[in-house]
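Please keep the sequence and the model at hand while reading.

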Amino acid sequence: MATILAIESSCDETSASVCVDGKILSNVIASQAIHEQYGGVVPELASRAHMQNIVPVVDAALVQASCSRQAIDAVAFTQAPGLIGSLLVGAQFAKSVALALNKPLIAVHHMQAHVLANLIADDRPDFPFLCLTVSGGHTQIVLAKAPLVLEVIGETIDDAAGEAFDKTAKLLRLPYPGGPLIDKYAQSGNPLKFKFAEPQIPKLDFSFSGLKTSVLYFLQKQEPNFIQDNLHDLCASVQHTIISILIKKLKKAVQQTGVKNVCIAGGVSANSGLRKALVESGIKYQWKTFIPSFEYCTDNAAMIAITAFYKYQVQQFTTLDTSPTARAEW
Ligand code: KG4
Ligand code: ZN
């Protein structure tokens, strides 16, 4: 039996989770509404909010899991990538708990954890599987050969899919983060009403910066009330373009690797259109598809805990002098 306390603080969610032998018993997430008024995450404010939230969030995670401090076998934290001030709060807290309890410390890569969020549910993919990881900072296709053997086989050369959502949402005068709002309005819009060009990028890589520019140029040519009058169709058309770019590359990845277990992960995998498109592609191309439940798509500590569970089994521990880093290779 291994009981793991995991902490996630890479961006603007403070989260803690307790996992016992691969089963998630709690996943408490405190979101930081303060950034909305600034139109994006303000790093300094994020760090301060993590400082305020971390103790109550960890306490709530222990209470929900009916877990005493003495029952903890290891403490895990997000080491990279992310905002350095935010990462430092979670890392320092985890190190202190590990030191106080004299238990091992486990450092987790945030993007690997997004992929392994697919191993939380009982209905989980067999290895090997492909994972399209789409978040605010990353867009990757990952070939997962084993829990800790993950290979990035494609990624964005500029903006991430989440940035494409958020930046076009800003052009449509929607508040930050715009991704969930585009999703909401798209549900009652026509996805084929407006056509935006898809980039032709070689291999399994992506590019999303051109989409933002083409939406900008398109909007500049329109009448003053155009956005207001066409908001739902604009959202549906932008979302349709982003999903089309993503699914085409995923299809190419399946063709190249021959792997037909296909997952999605990361904040953008909460998008209802993308979830639907993946399921439809699975039926059309005979893929076995997997999608984490909503709470495990956007940033959360349960995905850190499940990754730490696999690291615990092979004793992949880190020393107390470790430091988080804003960027990190796999
Ligand atoms: O994984 P995540 O929570 O944080 C990072 O690690 O970046 O991803 C955040 C991103 C944001 O860009 C947000 O707009 C996007 O995920 N997002 C969505 C939806 N929910 C979150 N994008 C489109 N549709 C959604 N429903
Ligand atoms: Zn993330």
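The model is predicted.

**The second largest pocket**

Helix H7 gives the most, with 9 residues. Sorted by class, the lining has 10 nonpolar, 10 polar and 7 charged residues.

**Helix H6**

Helix H6 covers residues 209-220, which makes 12 residues. From the first C-alpha to the last, H6 reaches 17 Å, close to the 16 Å expected at 1.5 Å a residue. Which residues of H6 are buried? They are Leu211, Val215, Phe218 and Leu219. Seen down the axis of H6, these buried residues fall within an arc of 95°, so they line one face of the helix. The face turned away from the buried side carries the exposed residues Tyr217 and Gln220. The cover over the buried residues of H6 includes helix H4 (161-171) and helix H7.

Thr213 also has its place in helix H6. With a relative accessibility of 29%, Thr213 counts as partly exposed, because this class lies between the limits of 20% for buried and 50% for exposed. Thr213 and Val28 are 185 residues apart in sequence, and their C-alpha atoms are 38 Å apart in space.

Asn230 lies in helix H7. Its relative accessible area is 14%, and Asn230 is therefore buried. When residues up to four places away in sequence are not counted, Asn230 touches Lys193 and Phe194.

**Helix H9**

Helix H9 (residues 302-313) has 12 residues and reaches 17 Å between its first and last C-alpha, close to the expected 16 Å. H9 is mostly covered, since 10 of its 12 residues are buried. Among them are Met303, Ile306, Phe309 and Lys311. What covers the buried residues of H9 includes strand E1 (3-8), strand E2 (13-20), strand E3 (23-31), strand E4 (74-80), strand E5 (105-109) and helix H3 (110-116). Just after H9, Gln315 takes a positive phi of about 55°.

**Backbone features in the loops**

Most residues other than glycine have a negative phi, and most peptide bonds are trans.

| Peptide bond | Form | Omega |
|---|---|---|
| Phe127 to Pro128 | cis | near -5° |
| Tyr176 to Pro177 | cis | near -10° |

Pro128 lies in the loop between H3 and strand E6 (129-134), and Pro177 is placed in the loop between H4 and H5.

Positive phi values also occur at Ser66, where phi is near 50°, and at Asn102, where phi is near 55°. Ser66 is found in the loop between helix H1 (43-64) and E4. Asn102 has its place in the loop between helix H2 (84-101) and E5. Are these residues buried or exposed? Ser66 is exposed, with a relative accessible area of 70%, and Asn102 is exposed, with a relative accessible area of 68%.

Terms used
Residues numbered from 1 in each chain as written. Chains lettered and ligands numbered in written order. Predicted model: local features only at pLDDT ≥ 70, side-chain atom pairs only at ≥ 80, totals over all residues. Heavy atoms only, no water. Helix = DSSP H or I, 4+ residues; strand = E, 2+ residues; numbered from the N terminus. Nonpolar A, V, L, I, M, F, W, Y, C, P; charged D, E, K, R; others polar. Expected span 1.5 Å × (residues − 1). Buried < 20%, exposed > 50% of the residue type's maximum accessible area, 1.4 Å probe, protein only. Arc of directions from axis to C-beta. Contact = heavy atoms within 4.5 Å.
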